[in-house]
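User: I am new to reading protein structures. Can you take me through some features, one at a time?
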Amino acid sequence: MQGIHGGKLPMNTARPALVWTIAGSDSGGGAGIQADLATIQDLGCHGCSVITTVTAQSSVAVTLVEPVSTAMLMAQLTTLLSDLPPEAIKIGLLANQNQLALLADWIAGFKIHYPSVAVIVDPVMVASCGDTLAVDNCQDIKSAAKSALDFRPFKGLIELITPNVLELGRLTHSDVSTKAQFAAAALALSQSLDCSVLAKGGDVSFGSTDILDDTHAKTHDNTYAQTQANAHKYNGWDLELAEDYLVCRQVRASSELHQNGCFWLASQRVNTRHNHGSGCTLSSAIAAVLAQGFILQDAVVVAKAYVSQGLSAAIGLGQGPGPLARTGWPNDVFRYAKINLCDGNFTSHQLNQHLDVVDDLVATVFSATEQATAQVRIPQNILSHGFKVLDADLGVYPVVNDLAMLESLLAAGVKTVQLRIKTDISKLTTAGLAESDLGKSVLGKSELVGSELEAQIQTAIALGKHFNAQLFINDHWQLAIKYHAFGVHLGQEDLAVTDLAAIQAAGLALGISSHSYFELLLAHQYSPSYIALGHIFPTTTKKMPSAPQGLAKLKHYVMLLKDHYPLVAIGGIDIDNVAMVKATGVSNIALVRAITQASDPLAAFIQLSQVWEQS
């Protein structure tokens with residue numbers, strides 16, 4: 001048996017996740033149901049299909065579009081649900097408004113019993129060759145192109161809609177000629193449909209004065225030719241990039257930091273005419289990744305990388321654009337998009353106040369009325385140079401919360417350790433509170449502020465130097481810089497209020513936590529010294545913003561970045577599961593509860609280290 005990554009693999013008997021595609025049939029095999037099923041299988045799921053429309057279609061033309069009957073559409077839905085309920089649903093081509101209304105009613109009933117199943121809508125209107133698909137019995141393509149379906153019956157029922165530039169303009173009845181207008185329209189669509197939006201900018205027709213009138217006449221070939229002839233920028237767009245805009249709306253299981261965020265996702269534009277079925281592939285890939293338990297932001301970045309990979313390997317089969325190649329789960333980090341956060345809190349502090357700028361990837365800060373009017377940049381000194389490179393892997397990495405435990409571990413020869421003392425500044429009044437009045441931290445120690453906190457961190461750093469160890473200070477980066485710690489460890493939320501340039505200038509190492517593919521990629525963009533992956537198992541040491549990642553996700557993360565950073569698995573790791581963690585290929589583990597709550601922390605560390613080395 002050949003695996004999707006090549007080579008012989010043992011037969012996998014695990015039940016794959018079930019993904020439905022509700023879409024039209026492409027007789028040419030490059031888009032629609034055919035592309036969806038190929039994508040779903042390629043990404044490790046089992047695909048089921050509900051056909052809405054039969055098309056007579058090749059790589060150069062669509063000659064006939066024939067909807068299935070209402071009875072047939074409903075029979076497919078009912079029959080499938082009775083035996084093969086989905087973990088995710090992708091909806092593609094709908095032939096007319098009656099089909100859309102019927103499907104919206106069905107989803108409303110379906111969601112009562114399956115509220116957590118994500119529904120992704122790709123509002124397909126035009127084939128890659130330029131011909132209109134949802135004709136609503138109208139034989140005039142130009143007229144049909146102007147009468148878009150009304151997707152408002154889906155309001156509140158779907159998790160994501162994925163319009164391209166043409167579709168976004170029609171759905172919002174707005175001009176999307178500039179990048180700012182494009183982003184504003186995506187935000188408006190998110191509000192009107194009460195769902196997240198991935199607005200796809202990869203097929204922007206640069207130089208066109210009317211995107212809506214120009215699509216039928218243009219192909220990817222002459223679009224690229226115009227791209228090369230124009231300047232580097234056009235109407236705010238970077239002509240060398242494929243830039244999508246993700247508007248998140250109450251994303252389930254996501255960190256609070258990102259569940260309602262807006263993000264530009266920028267990838268290198270692939271110079272190919274063989275892009276048939278790229279929209280179908282993207283939306284079905286998102287559904288397939290969601291079905292395997294990843295959050296929406298993860299599914300989007302993985303699917304976008306999958307499409308980029310497929311475009312790069314695509315070849316022509318007929319006279320027109322060829323279909324995307326099916327290349328398996330994307331494990332090349334360079335295929336993944338750069339993520340530019342558009343959250344005002346992050347950009348205003350992190351980028352405007354402290355860091356240099358670079359004309360690399362453009363991020364736009366949005367307010368409700370000022371769409372895409374202010375621009376910020378990815379910091380040059382972080383991306384170009386990164387932080388201290390660690391000489392060796394961290395191995396078994398204890399995270400402790402008091403000096404006595406820290407000193408005993410260091411004296412026993414532990415060479416990498418983190419001090420995590422939490423503070424609760426919110427409990428301070430303007431007059432100040434006595435340190436004895438402060439509450440309890442998540443690790444069970446009295447929370448410290450002021451001189452006592454500083455004294456403990458100063459002592460800890462001195463101990464680290466005395467024992468020639470790599471001591472990381474959690475959160476308190478100013479004190480780490482002041483007393484010359486080896487490194488600092490930060491969570492994703494800390495990046496918004498931390499002067500990373502100061503940490504870098506002081507020569508400190510940097511570790512960053514991540515809880516998903518999305519956060520892993522964000523951490524990667526800062527070129528830290530290591531990245532922590534977690535939490536792998538349920539943990540009680542702190543309130544976590546996301547669900548446990550599990551071993552399958554950990555293995556994916558390791559495959560993506562194992563050749564770039566020391567990767568540290570953290571969260572609920574103990575003697576009972578440490579061997580399973582090692583089997584994922586991760587080289588390092590951070591231990592919190594297994595050390596801090598052990599009756600003999602040093603003995604627990606020694607035992608876990610031995611098991612780790614022997615696994």
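User: In what order do the ten strands of the open sheet stand?

Analyst: This is a predicted model. Read a sheet from one side to the other. Here the order is β3-β2-β1-β4-β5-β6-β7-β10-β11-β12. The pairing is mixed.

User: Which strands stand at the edges?

Analyst: Look for strands with a single partner. β3 (62-67) and β12 (338-341) each have just one partner strand, so one side of each is left without a neighbour in the sheet.

User: How do β11 and β12 run, and how many bridges join them?

Analyst: Check direction, then count bridges. β11 (residues 262-268) and β12 run antiparallel, joined by four bridges. Within this pair, tryptophan 264 stands opposite asparagine 340 of β12.

User: Which helix packs on the sheet and touches β11 and β12?

Analyst: Look for contacts, then compare directions. Helix α17 (residues 517-524) touches both strands, and its direction makes about 90 degrees with that of β12. Helix α6 (residues 179-193) lies across β6, β7, β10 and β11. The angle between α6 and β10 is about 30 degrees.

User: Are the faces of β20 covered or open?

Analyst: Take each face in turn. On one side, Tyr530, Ala532 and Gly534 are buried. On the other, Ile531 and Leu533 are buried too. That makes five of five residues in β20 (residues 530-534).

User: Is asparagine 96 buried or exposed?

Analyst: Compare its relative accessible area with the cut-off: buried means under 20%. Asparagine 96 has 16%, so asparagine 96 is buried. This residue lies in the loop between β4 (88-91) and α3 (97-113). A polar atom of its side chain is 2.8 Å from the backbone nitrogen of glutamine 99.

User: How many disulfides does a search of the whole structure find?

Analyst: A disulfide is a covalent bond between the sulfur atoms of two cysteines. The search finds zero. Take cysteine 248: the nearest cysteine sulfur, that of cysteine 262, is 7.4 Å away. The cut-off is 2.5 Å, so cysteine 248 is in no disulfide. Cysteine 248 is buried, at 4% relative accessibility. Cysteine 48 is buried as well, at 5%.

Notes: Residues are numbered from 1 along each chain as its sequence is written. This is a predicted model: local features need pLDDT of at least 70, side-chain atom pairs count only at pLDDT 80 or more; totals for chains, interfaces and linings use all residues. Side-chain values use heavy atoms; hydrogens and water are left out. Two strands pair if DSSP finds at least two bridges between them. Helices (H or I, at least four residues) and strands (E, at least two) are DSSP runs, numbered from the N terminus. Contact means heavy atoms within 4.5 Å. Axes are lines fitted to C-alpha atoms, for helices over the stretch in contact, and angles run from 0 to 180 degrees between N-to-C directions. Buried means under 20% relative accessible area, exposed over 50%, partly exposed in between (1.4 Å probe, protein chains only). A polar contact is a pair of N or O atoms within 3.5 Å; within protein, one must be able to donate a hydrogen and the other to accept it, and residues adjacent in sequence count only if both atoms are side-chain atoms.
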